[in-house]
Amino acid sequence: MRQRLTPFTWIIATLAVLLSTALAQSQNAPVEAAKLSLSSGQFGLVYQMFSITIAAMGAGFLFFVLAQGNLSPKYRPAMVVSALVVAIACYHYFRIFNSWNESYALTAGAYVATAVPFNDAYRYADWILTVPLLLVEAVAVLALATNVASGMIWRLALAAFVMIATGYPGEISGDTTTRLIWGTISTIPFIYIVYTLFVELGKSIDRQPPRVQVLTRNLRLLLFASWGFYPIAYLLPIFLGGGGLSASGVVGLQVGYSIADILAKVGFGTLIYFIALEKTAHDRSMGVTEDSTTPPATELPTRPV
């Protein structure tokens, strides 16, 4: 049975889109990279990493769209969300890629900062949309009871929205105290998300087929591991004495963000697909009908002789 979107759902979705747009157009984005001069190798490494990420997101989109035919109808919405996540990320990485190219010009063998600052706020514009959707995927693919899934999905989505929205003011601040305050506030919904995934969702996982249990546990670990890079990156300026990042630090940060995003979106969506594929095979082996709107075979009227 399909769930109808509640007014609350539309409010959260609208707020996410509006905030995403505002972040993408922000002129107060972190500009550490634009203050530095990079070697040809440093600039090229980030350039190639952005290219790889765009290709990975695009390939992931095609795979998630085409793979839906292998799944039962009730598991296909999870693949739709997976495709949406990587499509949004692919678009934002195009914007990040273009901003990176506009921020540097080759001069005397080195890439020197131009008057156009590197706008890394596109990452937060991406995360404010994709992070809640990633959590929706994790719940949707398990096909839990409507009353359980609905409440869990929107609590997780709201927590993710608050986590990203409150982390951004600290990210763009050059003041250590401000950064720590907003970072602490942002950590509260993060802890709630981890608790829900590992405790509340864990109760539902125990009722899944054995193979699905293993895949879902791996899914949670992948999400936790890939997300683990973000708070480290957030605190790097503090660890460096509040003086910003060096050229090597900026390069490492951009490469690290890109790898984490590939794992958290393409890798996560791929695991979602294998979970859905396993559940589809299990349902078929148990004789469960693939379309919940179709009555069991024993209840179909017989043809007259």
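Which residue forms a salt bridge with Asp261? The views below, taken from a predicted model, begin with that pair.

**View 1. Asp261 pairs with Arg123 in a salt bridge.** The closest N and O atoms of the two residues are 3.5 Å apart. Asp261 is buried, at 1% relative accessible area. Arg123 is buried too, at 2%.

**View 2. Asp126 forms a salt bridge with Lys265.** Here the closest N and O atoms are 3.3 Å apart. Asp126 sits in helix H4 and Lys265 in helix H9, and 139 residues separate them. Asp126 counts as buried, with 3% relative accessibility. Lys265 also counts as buried, at 3%.

**View 3. Salt bridges link Arg123, Asp126, Asp261 and Lys265 in a network.** Side chains of opposite charge can pair when their charged atoms come close. Across the whole structure, a search finds five salt bridges.

**View 4. Helix H4 covers residues 121-140.** At 1.5 Å a residue, its 20 residues should span 28 Å; the end C-alpha atoms are 29 Å apart, which agrees. H4 bends by about 35° at Trp127. Of its 20 residues, 19 are buried, so H4 is largely enclosed by the rest of the structure.

**View 5. Arg179 and Glu171 form a salt bridge.** Their closest N and O atoms are 3.7 Å apart. Both Arg179 and Glu171 are buried.

Definitions and conventions
Residues are numbered from 1 along each chain as its sequence is written. This is a predicted model: local features need pLDDT of at least 70, side-chain atom pairs count only at pLDDT 80 or more; totals for chains, interfaces and linings use all residues. Side-chain values use heavy atoms; hydrogens and water are left out. Helices (H or I, at least four residues) and strands (E, at least two) are DSSP runs, numbered from the N terminus. The expected span of a helix is 1.5 Å times one less than its number of residues. The bend at a residue is the angle between axes fitted to the seven residues ending there and the seven starting there. Buried means under 20% relative accessible area, exposed over 50%, partly exposed in between (1.4 Å probe, protein chains only). A salt bridge is a side-chain nitrogen of Lys or Arg within 4 Å of a carboxyl oxygen of Asp or Glu.
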